[in-house]
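Q: Could you take me on a close look at the surroundings of the ligand? I am new to this structure, so please go step by step.

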Amino acid sequence: MSTYQAVESDFLIIGGGILGAATASYLAQFASAGTRITVLEAGQPATGTTCQAAGLLTRLKTDTAMAEMVGETYTAIERLSQHSDQPLPFRQVGSIHVAKDDQQYLENTAVQAQQLNVEFQWLSPSAVTLQAPWFNQTAAERALFIPDDGYIDPALLAQAYLSEARQLGVKLCQNTRVDNLIIEQGRVAGVRCGEQVYRAGTTISCAGPWSVALLAEAGIMLPMAPVRSHYWITDDSDLFPMHSPAMILADANAYTRPEVGGLLFGLRDQQPVYGDPANLPADLQGYLFNCDPDGFECLESGYERLLEFCPVLETLGLRHYITGISSYTPDGRPILGATDLPGLLLATGCSGSGITLSGGIGRLLAEQALERETFVDDSAFRCNRFGEIDPFSDGFRARCALARSAKRSG
Ligand SMILES: Cc1cc2nc3c(=O)[nH]c(=O)nc-3n(C[C@H](O)[C@H](O)[C@H](O)COP(=O)(O)OP(=O)(O)OC[C@H]3O[C@@H](n4cnc5c(N)ncnc54)[C@H](O)[C@@H]3O)c2cc1C
């Protein structure tokens with residue numbers, strides 16, 4: 001029997017990554033005064049997968065609800081910038097989508113922009129080079145520029161959501177790992193952290209890739225897998241000015257953006273590279289996936305294609321290699337909202353877009369938690385949309401990893 005007195009809240013949020021932080025911030029804004037909201041974070045906020053992200057905020061999504069959620073993130077960035085002492089390190093430099101062979105990708109992207117009312121311009125290769133001096137003009141005939149896109153430091157954005165939440169009275173418990181959910185009469189009544197019990201009417205799980213193991217214990221099989229995302233940063237060169245846009249190189253399965261003098265470029269694995277959700281360490285640094293431990297196979301197989309667009313890579317050294325985990329679902333959509341267990345909501349499975357979607361996810365989860373009408377149709381994000389699955393099986397994890405391989409956009 002625990003000797004500790006239970007801590008009572010109205011809402012408990014598990015995880016202080018960007019999704020937990022954004023959810024806390026919106027919930028605190030929408031809930032009535034005096035509502036008790038507690039965030040339980042196993043370590044320090046934003047030190048899980050959030051701090052690994054490249055921070056690209058691409059507005060174009062095939063799914064309208066997801067595009068609206070990205071719009072909400074941009075609104076949140078504006079609000080947070082106005083309210084904080086220092087402006088957020090947000091660089092609204094635009095993004096350029098380039099394709100040589102896959103012209104259909106460019107056509108589809110332009111149609112998406114039109115449908116979503118996102119401003120875009122067609123650029124000639126020489127106009128691309130004016131903005132991104134490293135770009136090989138002969139590598140493509142045209143490109144599509146989205147001037148309002150940008151990128152941001154993901155950890156600082158998460159911290160900004162969290163500090164807004166705390167100013168509104170949210171309680172943050174750091175170094176507080178949730179061991180398991182407390183289920184009473186078929187409903188989640190709170191969580192247990194060692195000896196300490198936290199009780200709440202609604203618990204919201206935002207535990208990133210660790211969610212799979214945590215919720216499996218309560219009988220919920222999350223349809224997602226820890227899939228590798230990685231990028232490299234080159235040595236410095238004058239060819240990578242900070243005002244250059246982000247680039248999506250669809251044929252090369254790559255994206256780029258400037259990073260303090262160098263070029264950051266990410267390549268998507270074409271073979272399924274995934275981890276084991278049953279055994280994820282708390283510290284993901286140096287995490288080893290099922291194959292290709294140093295990313296070299298991926299770099300080798302994608303390099304020739306990348307060089308066509310960025311020939312200067314041949315003469316530059318690589319300064320950093322960052323590898324991390326993205327939680328992917330088979331359809332690339334996040335998992336949001338209610339579960340089969342009353343009293344439990346969740347937000348995860350962002351498939352490489354958790355920073356981009358953070359404002360929208362925070363708003364949606366807050367609306368769901370307060371049982372309000374939601375600002376987007378949430379039906380495509382249900383946890384049970386794939387039927388019965390086993391997130392620990394090799395077959396399912398490979399299926400999720402291949403969803404990442406097939407991704408072309410940012
Ligand atoms: C290399 C790389 C590049 C990426 N680039 C982009 C990008 O450009 N744009 C973009 O939008 N997204 C990008 N992503 C994806 C993005 O990082 C994620 O979608 C996002 O960070 C998910 O946030 P989260 O809050 O769900 O997870 P996390 O940040 O992992 O947060 C989960 C938190 O829960 C805590 N936790 C876990 N278990 C427990 C427990 N039992 N009790 C209490 N706390 C717990 C953890 O400590 C952690 O802090 C990238 C990812 C990687 C790896």
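A: A strand here is a DSSP run of E, at least two residues long, and strands are numbered from the N terminus. With that in hand, we can look at the shell around the ligand in this predicted model.

Strand S17 gives the most to that shell, with four residues. Helix H1 (18-30), S13, S17 and helix H8 (354-369) each supply at least two residues. Of the 41 residues around the ligand, those that come nearest are Gly17, Gly48, Gly208, Gly324 and Gly354.

Where does the ligand sit relative to the domains? Domain 1 (7-75 + 154-225 + 330-398) and domain 2 (91-149 + 226-327) both give residues to the shell, so the ligand lies between them.

Now let us follow S17 into its sheet. The sheet is open and has eight strands, in the order S6-S7-S5-S14-S15-S16-S13-S17, with mixed pairing. Strand S17 (318-328) is one of the edge strands, as is strand S6 (121-123), and each pairs on one side only. From one strand to the next, the twist averages 25 degrees.

Elsewhere in the sheet, strand S14 (residues 246-249) pairs with strand S15 (residues 254-259) in the antiparallel sense, over three bridges. Helices come next. Helix H7 (residues 296-309) lies across S5, S14, S15 and S16, and runs at about 125 degrees to S16. Helix H9 (residues 394-405) also packs on the sheet, where it touches S17 and strand S13 (225-234), and its direction makes about 35 degrees with that of S13.

Definitions and conventions. Residues numbered from 1 in each chain as written. Predicted model: local features only at pLDDT ≥ 70, side-chain atom pairs only at ≥ 80, totals over all residues. Pairing = 2+ DSSP bridges. Axes fitted to C-alpha atoms, helices over the stretch in contact; angles between N-to-C directions. Contact = placed C-beta atoms within 7 Å. Near = placed C-beta within 6 Å. Domains from an automatic or database assignment.
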